[in-house]
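Take a look at the chain below.

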Amino acid sequence: MLGFFAAGITVDLLDLLNARRSTPSRLLGEPGPAPAELQRLLQSAVRVPDHGRLDPFRLIALEGAARVRFGETLARIHARMDPATPDAALDKDRKRYLDAPLILVVVARIDEHHAKVPAQEQLLSAGCVGYNLLLGAQALGYGAQMLTGWAAYDREVADLLGLTENERVLAFVHIGTARERAPERNRPAVANLLSHWS
Ligand SMILES: Cc1cc2nc3c(=O)[nH]c(=O)nc-3n(C[C@H](O)[C@H](O)[C@H](O)COP(=O)(O)O)c2cc1C
């Protein structure tokens, strides 16, 4: 019985994976996940492989007016950092967080000097949370896209988000309702990716 049940789950999961694609953030709009859906999404997303059970991640939600303030602050930081930044780039900073109703900032919390678990493995766990968010959002009927941009790598932005020294932004996961079906792209041919070592 368990085997049959497990096989059923496997088939559903592969269907979901085969349908997975990102929805560009500019195609996302209201509504976003309701509070109860968001809780389900988060609970599922944090079920990642995690060497040493370190929970090397956390999430920050940007919603509503916070998205406006965040974008405006990014534009100010950008202009101060490089006064020659074109207006179009500053405008992009301001508008980037306004389409999707929910942006989850995936933060990696890395212990660089952990005795057993290398930083790479901690990063990988945190990355899995980001990917689970994409898959989970799609399973709930929403579109999602993982984005970085300069803001993900800037220390001043990290401070703005309240990150500590050992924390870094891995990605901004934009989640909302797809206004139109996202375009598909060519996927890698597994034949080119798999070799057999003997
Ligand atoms: C860590 C990470 C950061 C990304 N950042 C960006 C980005 O800043 N801008 C962008 O256009 N795509 C970015 N992408 C790619 C998109 O998330 C997405 O994968 C791409 O649009 C292709 O869609 P697909 O997921 O359906 O293959 C990033 C992907 C990853 C894994």
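Contact here means heavy atoms within 4.5 Å. By that rule, Ile-175 touches Leu-28, Pro-33, Leu-41, Ala-100, Pro-101, Leu-102, Leu-104, Ala-137, Tyr-142, Gly-143 and Ala-144, leaving aside residues up to four places away in sequence.

A word on the basis. This is a predicted model, where local features need pLDDT of at least 70, side-chain atom pairs count only at pLDDT 80 or more, and totals for chains, interfaces and linings use all residues. Residues are numbered from 1 along each chain as its sequence is written, and side-chain values use heavy atoms, with hydrogens and water left out.

Now the interior. In soluble globular proteins, nonpolar side chains tend to be buried together. A residue is buried under 20% relative accessible area, exposed over 50%, and partly exposed in between (1.4 Å probe, protein chains only). A nonpolar core is a set of buried Ala, Val, Leu, Ile, Met, Phe, Trp, Tyr and Cys residues joined through side-chain atoms within 4.5 Å. The largest such core has 20 residues, and Leu-104, Leu-133, Val-173 and Ile-175 touch the most other members. At least two residues of this core come from each of helix 2 (35-45), strand 3 (102-109), helix 5 (119-139) and strand 5 (167-178). Helices (H or I, at least four residues) and strands (E, at least two) are DSSP runs, numbered from the N terminus. Helix 5 gives the most to this core: six residues. A second, separate core holds 17 residues, among them Val-107, Ala-152, Val-157 and Val-169.

Turn to helix 2. Its buried residues are Leu-38, Leu-41 and Ala-45. They lie on the same side of helix 2 because they cover an arc of only 60 degrees around the axis. The arc is taken from the directions from the helix axis to the C-beta atoms. Strand 3, helix 5 and strand 5 are among the elements that cover these buried residues. Ala-36, Arg-40 and Gln-43 are exposed on the other side of helix 2.

Finally, the loops. Most residues other than glycine have a negative phi, and most peptide bonds are trans. Which bond is cis? The one that joins Glu-30 and Pro-31, with omega about -5 degrees. Pro-31 sits in the loop between strand 1 (28-29) and helix 2. The loop between helix 2 and strand 2 (57-63) contains Arg-53. Arg-53 is not a glycine, yet its phi is positive, about 45 degrees. Its relative accessibility is 76%, so Arg-53 counts as exposed. Asp-55 is also in the loop between helix 2 and strand 2. Its phi is positive too, near 45 degrees. Asp-55 counts as partly exposed because its relative accessibility is 45%.
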